[in-house]
Structure formats: structure tokens, C-alpha cells
Amino acid sequence: MLRYAFSQFNAQTDSYFSRFDQNAIGTSLRSKARAANFPQSGKIRMLGRESQAFFFLLNTQGGSLRLPSYIRLGKFNSKARVEWST
């Protein structure tokens with residue numbers, strides 16, 4: 001069962017002065033800000049705690065496998081526990 005968590009993020013600068021340019025936040029009156037390839041603020045939907053997903057692993061090699069007990073998932077490299085059964 002998947003559960004989702006919603007969060008707001010703010011990656012804006014902590015400078016004294018800031019202004020909104022096209023796709024960027026400027027921190028200087030004279031120089032133009034470079035466009036960033038990520039949003040500076042917004043909302044994000046993430047997998048919540050205690051979410052469970054089921055999947056199958058097909059072994060085409062035929063031998064035994066060393067399977068990890070934890071893996072990393074997604075953009076933020078979140079740690080996920082994996083329970084294996086044969």
C-alpha cells in the first residue's frame with residue numbers, strides 16, 4: 001500500500017535583496033540572474049513512511065544471488081528496506 005506525503009520547499013537565497021527575473025531569482029540590482037533548471041519554491045509529493053510495494057525479481061543466471069537488505073530510491077536517494085522471500 002502506497003502512502004504519499006506532501007511537503008513545501010523553498011530554495012531561495014537568504015540575501016538581503018531579491019527579485020524575480022525570468023525563470024530565476026536575482027540577488028543583485030545590476031547583474032541579470034541566470035536561469036536555473038529547477039524551481040526555487042513549490043510543493044512536492046513524496047512516498048510516505050510505511051509505504052509498501054511488491055515486485056518480482058527474475059534470476060536468469062540460475063545461481064544463488066546476494067540480495068541487498070536496503071536499496072536507494074528516487075531523486076532524493078531515500079533508503080528503503082527490502083524483504084526477500086523465495
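In what order do the elements of the chain run from the N terminus on? They run β-β-β-β-β-β. This is a predicted model, so colour it by confidence before anything else.

**Stop 1: the whole chain**

Show the cartoon. The chain has six strands and zero helices. Now switch to pLDDT colours. The average is 78, and 69% of the residues score at least 70. Where pLDDT is low, the predicted coordinates should not be read in detail.

Select residues 19-21. This is strand 2, with the lowest mean pLDDT among the elements, 68. Then select residues 70-73. Here is strand 5, which has the highest mean, 91.

**Stop 2: surface and contacts**

The chain exposes about 8,600 Å². Carbon and sulfur atoms supply 50% of that area. Of the 86 residues in the chain, 10% are buried.

Now think about contacts along the sequence. Take those with a separation of 6 or more: 47% of them join residues 24 or more positions apart.

**Stop 3: strand 4 and Gly42**

Select Gly42. This residue sits in strand 4. Is Gly42 buried or partly exposed? Gly42 is partly exposed, because its relative accessible area is 28%, which falls between the 20% and 50% cut-offs.

Next, show what Gly42 touches. Leaving out residues up to four places away in sequence, its contacts are Ser7, Gln8 and Phe9. Draw a C-alpha to C-alpha distance from Gly42 to Ser7. The two are 8.6 Å apart in space, yet 35 residues apart in sequence.

**Stop 4**

Move on to Glu50. Find this residue in the loop between strand 4 and strand 5. Check its backbone: phi is positive, about 65 degrees, although Glu50 is not a glycine. Is Glu50 buried or exposed? Glu50 is exposed, because its relative accessible area of 64% is over the 50% cut-off.

**Stop 5: the largest pocket**

Select Ser51, Gln52, Ala53, Ala80 and Arg81. Among the 32 lining residues of the largest pocket, these lie nearest its centre. Which elements give two or more residues to the lining? They are strand 4 (41-47), strand 5 and strand 6 (78-81).

How much space lies in the largest pocket? About 1,400 Å³. Finish by colouring the lining by residue class.

How values were computed
Residues numbered from 1 in each chain as written. Predicted model: local features only at pLDDT ≥ 70, side-chain atom pairs only at ≥ 80, totals over all residues. Heavy atoms only, no water. pLDDT = per-residue confidence, 0-100. Helix = DSSP H or I, 4+ residues; strand = E, 2+ residues; numbered from the N terminus. 1 Å grid on protein atoms, 1.4 Å probe; cavity = no way out; pocket = protein on both sides within 12 Å on 5 of 7 lines; lining within 4 Å. Points joined across faces, edges and corners; volume = space filled by probe spheres on them. Buried < 20%, exposed > 50% of the residue type's maximum accessible area, 1.4 Å probe, protein only. Contact = heavy atoms within 4.5 Å. Areas by Shrake-Rupley, 256 points an atom, 1.4 Å probe, with all protein chains shown as cover.
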